[in-house]
Amino acid sequence: MGATYDARVSGPERDGTAIQGRSLWQIAWERLKRDKVALGGGIAVVTLMLVAIFAPVIVAVLGHPPLEFHYDKVDPDLQVPRGHFGGISPDFLFGAEPVNGRDVFSRVVYGSRISLLIAFLATLLSVLLGTVLGVITGYFGGWVDTLISRTMDVFLAFPLLLFAIALAGVVPDRAFGLTGDALRIALLVFIIGFFNWPYIGRIIRGQALSLREREFIDAARSLGAGSPRILFAEMLPNLAAPILVYSTLLIPTNILFEAALSFLGVGVRPPTPTWGGMLSDATHWFQIAPNFMLFPGLAIFLTVLAFNLFGDGLRDALDPRSR
Amino acid sequence: MGVYILRRMIAAVLLLLIVTAATFVVFFLVPRLAGATPDDLASRYVGRTASPQVIHQIAINLGFTDPMWVQYGRFVKGLVLGAEYSTGPTTVHCPAPCLGYSFLTQNPVLPDLLDRLPVTMSLAAGGALIWLLAGVLTGVVSALRRGSVFDRAAMGVALAGVSLPIFFTGLLALSVFSYWLGITAPGGSYTPINDNPLRWAYDLLLPWITLAFLYAAAYARLTRAGMLDTMGEDFIRTARAKGLPEHTVVLKHGLRAALTPILTIFGLDLGLLLGGAILTESTYSLPGIGKYSVDAVVNNDLPKVLGVVLVGSIFIIVANLVVDLLYAVVDPRVRH
Amino acid sequence: MRTNRRAAALAALTVFMLAGCGGPGPAGANSGTSGGIHNPSDARGGTLRYANSGDWDSLDPADTYYAYSWNFARLYGRSLVMFKPAPGALGATLVPDLAESLGHPSEDAKTWTYTLRPGVKFEDGTPVTSRDVKYAVERSLDKATFPNGPTYFNDVLDLQGYTSPYADPDSDKLGLKAIETPDDRTIVFHLRKAFSGFDYLAQTPATMPVPRAKDTGSKYRAHVFSTGPYLFQTNELGKRFTMVRNPQWDPATDPHRRPLPDRITVDLNVNADDIDDRLLSGDLDVSVEGSGIGPSAQGRVLGYQGRRANTDSASVARLWFTALNADVAPLDNIHCRKAVLYAADRAGYQRAYGGPTGGEIATNMLPPVIPGAQRFDLYPSPKHMGDIAMAKTELAQCGAPNGFTTGISYRAERPKEKATAEALQQSLARAGIKLEIKPYPLADYLRLYAGKPDFAKANNLGLIVYGWGADWPDGYGFLSQLVDSRVIRSTGGNTNLGVRDPAADQMLDQALVTTDPVARQQIWVSIDRRVMEDAFALPGVWAKGLLYRPPNLTNVFISDGFQMYDYLALGTERR
């Protein structure tokens, strides 16, 4: 209160300089900077992305190629890695896999690529679909709203995991010019992204519904703006904040979803390392080779945690009502 | 009010039909995309030594050579009127509602499902009770003591909870509590409640806690956010100004308002869970619908898949319906 | 990890034609049979707890084809003859069970007569007659109702068009003329061709009597009527069943059984790792499939001296191998196939199956337990780790000097097969052969995927990971379904995953008419050698099961007939 009063007294009317009104984004950025926990999450997120991008370099320096077998690290009778706690050593930072002695560290690092890539792309797909459909629904209302809302209901009534399992199981070896890992990743992105769009769609619809009653929309309309212009130039920018927040919150969900699919055996094919796939293998070994279960699990946990922390912070920062 | 209920129920039935039709289409096409012919599918229902002619005949008997919409129609008819299946000399009668007959297991699907339903229900109900109580309580206390050590610790744990994949938590819990410490039941244990209620609870203890941990974390966060929102509203200030005791303000006015969205989500979550807690059941080897459905999908057993999807969708749709009806009862504006 | 035994009817048929009367040769080379009985005891009482990681194909004796099922069925049914419940080589000999003695053949071995013991009753007190045995065999002929069982009787009996008692115009449903029942205690089988090993068929559960009044066709398995020492008390299909003593079983009629436990429980569809854990913790007595404990449990057991003493290593007549599918280029060229055989790391293959406890490195097909089998290695390499130089020479000869790319399939639910695929991918890469890993569901692996020639070809499945066990420890029963090109069907379901050599087919036919056992065994070896020369298969390991017996188990020994613990003898100290 006092500051504003002072600004009026000592501000532009006195100096002649323009007022620096702060936009939503600037306010949010200020808030975010002050939220240490969210900042920590953000830094972790960036670190993880860097790890994923520079995986080959990291592995070349700190570990062994992820597909390379090391029989010498494994006891030939018991199939268990030699050494304590799964064979952890300066050479094998997270120990070795049972039976084939593969470097768990490298595989976890490479696994981050799959998890993050699929999660990001799938989220992108969901956000695109969800935003477009949500905005259209919320803005136009009427039968369009009914149709699309009912469609969203149908999607939400589907047992998502089952469909993902079924569809992931069918793919031929060659489609759309892609093969092998690339094809399976594309498939997973499509399945996860396509089935998750109602999550964003519902939220955007709600936001659009409330937005369209606002005066600035009326103003634009009375100025003669057509619907497409209103949608893109007026509504979307105002939806940017919730879109950003919920995308950031959707990413960890998708990471968990991909991990679940790999865990159930329908993700990317072996021997490509995925966190969920490693956990699935580890179920047979966790009593005598706990490292095999712990490290991939921790990787999933920490990644998801980081995104959640950052997403929470982002939401708090962008929410005008909070604090 | 009656009209509203009727409309919602009709909508529910329609939704059910759409979902099963879509399921049918997808799982009908899936094996064909992989190159399977009707004869291939029929050959799964007979022994290895059957001749191609026999297989082809069975394909015709079971209707695999009919177009997709005919087969779907047969399925719907079976739901309403029951069906008969024959592979030669023996004919099996499958009474309505017939969800299909899985020749892979030589059993009609519905009795199998009903058999496994109690397991999933036990898991879901027990877990739900725990998570609702734990989650809401934690959320309320956190909101009331905002910024305190309890609040920060609780929200920290809650955040960890929603960031952990349940199969990891499950495996960890199993290895620590069941195998290392030996205080909970090993994986794969399940005793029906009529056999021995104490044993039933003991066997499900670890799955309940694991499941509840995940959801309680989410609900704690939700409740806290909801309570914080609500407690800032005007009507709370009014209630306090009226001189009502604090606990009445909090519980009767604040919590009740905050709880509505929570209950909506609870209904949906419970509905989803009843349709098959796939990951939890897989991790703990519980013989419920979840495991059954994964097996069905992986092995492309169309009757089983349809059965599972139908049952699961019914739960979800019913949950939606109940929640909507509750809203209609509570809020007259909804009933237009 | 089940002991999966599916052999062709004709195959086994011929075995017995030539086996002479008596069993397969003495176990001899069967390393690892526990010589004697562990923890012998006569104490009766207690509950014996079994668990199965899957489910029976069927408890109905007419509809089952698993070794463990045949082992277990003797608890609730009595066939005409059975494998003797005794340790060592004796366990592979046949003794009369329902019958008074082994079968009496006619001069030309085309007619076999058995006389039933008096005083045997069903669980409801009804006396068993020869007509009940005839009816049981008749219903086992109906492969539409009972698709899972073997087809020996269908091939051996002089059916004259008979198909099934359910389509039988005879009022008593006993219209099959090939089986005669002149009186209540006599049963006579008429065969199409001479068959001196008919006692082996008489030992199959199909001869366990079934009362026609209680037969409910495909529903009979929900409550099978017992003639053995135990009857079914409860049966929750797919979940568990329990058995209690059969009061109508008269020990005076049964010199071979000494049933010790009062009660038997069997849990179904229990996770395999959980079964192992429960065995180790004392919450379970027997893993009924008899294939041994898994890798995690192995690690926990072999590492501790006290536990190690409770294990038995059973050599099984089973080979884990990878078929080289000649339908898929460039594996149609023999040199490319030989390249695979040279480049493969056999030691790695063995590791995938659990190291030496999982099995012995196989260099040819026939498992050593099969009488007359010989070990030879046509593709030697130092320490079995592969010879890359030789592999590259072969590659040059098949026109792919820098290697080639092909797919390798395995059954998705089998971690050891996955480990095999990954190990082969690594070892073959050393020679430039790149493998794409493709898992498929177990249930349809043979029927729709790897075992369907069109699918395998279209999806480039050059290497197919698989395993095969013989019904009986015998050469023909092991080889024919694997190497006879004439049994390959386009409709899928094949176990011959790409072996097509007319010379091998001819040798198989020749063995059918060779009566001298030694000469016959030499033919098996020749066939084995021929297939290895053709490079149609990459042998992996000759399987061994590491069986664990909890300390409370009594009377434990390995049955050579079934190559797992004999379930008739087991007892428990737990009360």
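## Chain A at a glance

Two residues are in contact if their C-beta atoms, placed from the backbone, lie within 7 Å. With that in hand, we can start with chain A of this predicted model. Among contacts in chain A between residues at least 6 apart in sequence, those that join residues at least 24 apart make up 71%.

In secondary structure, chain A has 13 helices and two strands. Of its 323 residues, 48% count as buried.

## Where chain A meets chain B

Here 30 residues of chain A are in contact with 33 residues of chain B. On the chain A side, at least two residues each come from α7 (142-156), α8 (160-170), α11 (227-263) and α13 (290-318). The largest share, eight residues, belongs to α13(A). By class, the side of chain A that touches chain B has 24 nonpolar residues, five polar residues and one charged residue.

A:Ile165 gives a close-up of residues from both chains. Leaving aside neighbours within four places in sequence, A:Ile165 is in contact with A:Leu264 and A:Val266 in chain A, and with B:Val294, B:Val297 and B:Val298 in chain B. A:Ile165 also has a place in the largest nonpolar core, which has 338 residues. Together with C:Leu324, A:Ile165 is named as having the most contacts inside that core. As background, nonpolar side chains in soluble globular proteins tend to be buried together.

## The two domains of chain B

Chain B is divided into domain 1 (2-98) and domain 2 (111-335). Taken over C-alpha atoms, the centres of these two domains of chain B are separated by 34 Å. Their contact takes 15 residues from domain 1 and 14 residues from domain 2 of chain B.

Which helix gives the most to the domain 1 side of this contact in chain B? Helix α1 (residues 2-33) of chain B does, with 14 residues. Sorted by class, the domain 1 side has twelve nonpolar residues, two polar residues and one charged residue.

## Chain C overall

Chain C contains 17 helices and 21 strands. Its radius of gyration is 24 Å, close to the 25 Å that the globule rule gives for 575 residues, so chain C is as compact as a globular protein of that length. Along its principal axes, the C-alpha trace of chain C spans about 75 × 55 × 40 Å. Buried residues account for 60% of the 575 residues in chain C. Of the contacts in chain C with a separation of 6 or more, 74% are between residues 24 or more positions apart.

Chain C is also divided into two domains: domain 1 (6-266 + 549-572) and domain 2 (315-544). Their C-alpha centres lie 33 Å apart.

## Strands in chain C

One part of chain C to look at is an open sheet of four strands, in the order β4-β5-β7-β6, with antiparallel pairing. At the edges stand β4 (104-105) and β6 (179-183) of chain C, each with a single partner strand, so one side of each is left without a neighbour in the sheet. Strands β5 (residues 111-115) and β7 (residues 186-190) of chain C pair in the antiparallel sense over five bridges. For a landmark in that pairing, look for C:Thr113, whose bridge partner in β7(C) is C:Val188.

Is strand β12 (residues 311-324) of chain C largely enclosed or largely exposed? Twelve of the 14 residues of β12(C) are buried, so the strand is largely enclosed by the rest of the structure. β12(C) runs antiparallel to strand β17 (residues 537-548) of chain C, and ten bridges join the two; C:Ser313 has C:Leu546 as its bridge partner in β17(C). β12(C) also pairs in the antiparallel sense with strand β16 (residues 461-469) of chain C, over seven bridges, and C:Arg318 stands opposite C:Gly469 in β16(C).

## Where chain C meets chain A

Now back to chain A, from the other direction: 26 residues of chain C are in contact with 21 residues of chain A. On the chain C side, α7 (295-302), α10 (346-352), α12 (415-429) and β15 (434-440) each supply at least two residues. Helix α12(C) provides the largest share, seven residues. The side of chain C that touches chain A has nine nonpolar, eleven polar and six charged residues.

Terms used:
Residues are numbered from 1 along each chain as its sequence is written. Chains are lettered from A and ligands numbered from 1 in the order in which they are written. This is a predicted model: local features need pLDDT of at least 70, side-chain atom pairs count only at pLDDT 80 or more; totals for chains, interfaces and linings use all residues. Ala, Val, Leu, Ile, Met, Phe, Trp, Tyr, Cys and Pro count as nonpolar, Asp, Glu, Lys and Arg as charged, and the others, Gly among them, as polar. Domain bounds come from an automatic or database domain assignment. The radius of gyration is taken over C-alpha atoms; the globule rule is 2.2 Å times the number of residues to the power 0.38. A residue is buried if 20 or more other C-beta atoms lie within 10 Å of its own, exposed if 12 or fewer, and partly exposed in between; C-beta atoms are placed from the backbone. A nonpolar core is a set of buried Ala, Val, Leu, Ile, Met, Phe, Trp, Tyr and Cys residues joined through C-beta atoms within 7 Å. Two strands pair if DSSP finds at least two bridges between them.
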